[in-house]
Amino acid sequence: MSNSSCLRLDETSTTVVPVTPPGLGATILAAALILPGIAPVCAETAPERAAIGFKYLDYKDSQPDLDRVTARAPSINVVLPLGDAWSIEAGGMVQDVSGASPRYHTAVSGASKFSDVRKAGNLGVTRYFPSGTLTLGASSSRERDYESQSLSLQGSLSSDDRNTTWTWGIAGADDTINPSNRRVSNEKKKTSDVLLGVTQVLGTRDIGQLNVTYARGQGYFSDPYKALDNRPRARGQTAVLARWNHHFTSTEGTGRLSYRYYSDTNKIRAHTLSAEYVQPLPYGFTVMPLLRLHSQSAAYFYVNPVYDPVYGSPFPPGYTFGGNGYITQDQRQSAFGAHSYGAKLSKQVGRDLTLDIKVENYQQRGSWKLFGDGSPGLQPFYARIVQIGASYLW
Amino acid sequence: MNSGFDRRPGKHADLAVVAILCALSGGCTLLTPVQPWQKGTLARPEMTFGGDSLDLKNSEHVYQNREAASGGSGVGGGGCGCN
């Protein structure tokens, strides 16, 4: 594969040689270069070889006195070149999910049990121009109680020296919600997204990126399986993402830092910092430890687990039956901090096959919130994520 | 419990973002341009902002269904009713 018109001056001679990305990541690069917000540092051309990737995700979460959700999800992704100026990408996944979810806060009693299968697919076509790309994409997701379709258009434009790339994207999604408890029927949610970004080569071993996304949605945002959930029927979300990659010559390793600031009309503000370090090892192995920190404030209509002395749980003090005030007791809308750590190990087998395994441990606690107090009275939340994968070029 | 949807989020944050984007674009002129033959390291897969697309999708799916925040890296993609 090439995807790159970069040339490298061999440091020990004056020979100019084409840059051949190290074999380990060849498949990764093939897929990465057609992703939104991913800007190349070189002239971008259609991939010369096809790539196929496979992952199997095993997810399990819990709180101290309750095993909550288990999900197993195989997924596949294929990238095919179509001549010199086009490529097509197709992907799909099946997610088998089951378990129990608290109906309010982290209450074990009355947790709703469920089992569902989610099937999702995506298709994208990319046109490569001398100084940019244009990608038209579509995706679909279907489960028993929720359907979603979306369309997207994304583009990139590079400066003449390929040191700066501007990216943009627009997308629209149309969701339909039919919960199994028939609390609502045929509810709709429509969302529009825009992205603007710039990627800048900062030096021979540094590259940075700044993206801004804004999403605006109208429709049903409540969780029909939560006891008293009633959320605004409109939501705006802004995210600012800054990323910086640095290559360490001394170790041949690469550090990858990112920070995201998030803000929405539910008055949730969140900070997310992640750090990865990619270290090549002998015999085709690569190890990547990762660390992620997240902190968010609560939605303005989130209520703490304090209940009415007469009606008891889940009713907050002074709750008005039949009222239409906004309320949520969803742990995900509370104020908390989250820590996540893990590692990914990859092994290249021959020129074209790469195998990988990733293990991650995730925890949420109210007391871990940064810049103020977290929501009180909730149990800690744990998740264990294991993923195995393979990718192949042909 | 309040009501009403009245404004876009973080108007000041939006302005700051625009300022940062402008500064970064303008600031690029202050950087010494890197020549094509100096981009061998930058072309390494781990120096891109993508990486393993399926891995990224899985990670984002997990986080956005266990936290309130999402976005920043792209647009599009189907939603879900994940509990």
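**Strand pairing in chain A: close-up views**

**View 1. Strand 3 and strand 18 of chain A run antiparallel.** Twelve bridges connect strand 3 (residues 51–63) with strand 18 (residues 381–393) of chain A. Strands here are DSSP runs of E with at least two residues, numbered from the N terminus, and two strands pair if DSSP finds at least two bridges between them. Opposite A:Tyr59 in this pairing lies A:Ile385 of strand 18. The model is predicted: local features need pLDDT of at least 70, side-chain atom pairs count only at pLDDT 80 or more, and totals for chains, interfaces and linings use all residues. Residues are numbered from 1 along each chain as its sequence is written, while chains are lettered from A and ligands numbered from 1 in the order in which they are written.

**View 2. Strand 17 of chain A is antiparallel to strand 18 of chain A.** Strand 17 covers residues 353–365 and is joined to strand 18 by twelve bridges. Within this pairing, A:Asp356 has A:Gly389 of strand 18 as its bridge partner.

**View 3. Strands 13 and 14 of chain A form a hairpin.** Ten bridges link strand 13 (residues 253–264) to the antiparallel strand 14 (residues 269–280) of chain A. A:Tyr261 is bridged to A:His271 in strand 14. Four residues separate the two strands, and A:Lys267 in this hairpin adopts a positive phi near 65 degrees.

**View 4. Strands 14 and 15 of chain A form a hairpin.** Nine bridges hold strand 14 against strand 15 (residues 285–296) in an antiparallel arrangement. A:Ser274 faces A:Arg292 of strand 15 across the pairing. The hairpin has four residues between its strands, and A:Tyr283 in the turn shows a positive phi of about 65 degrees.
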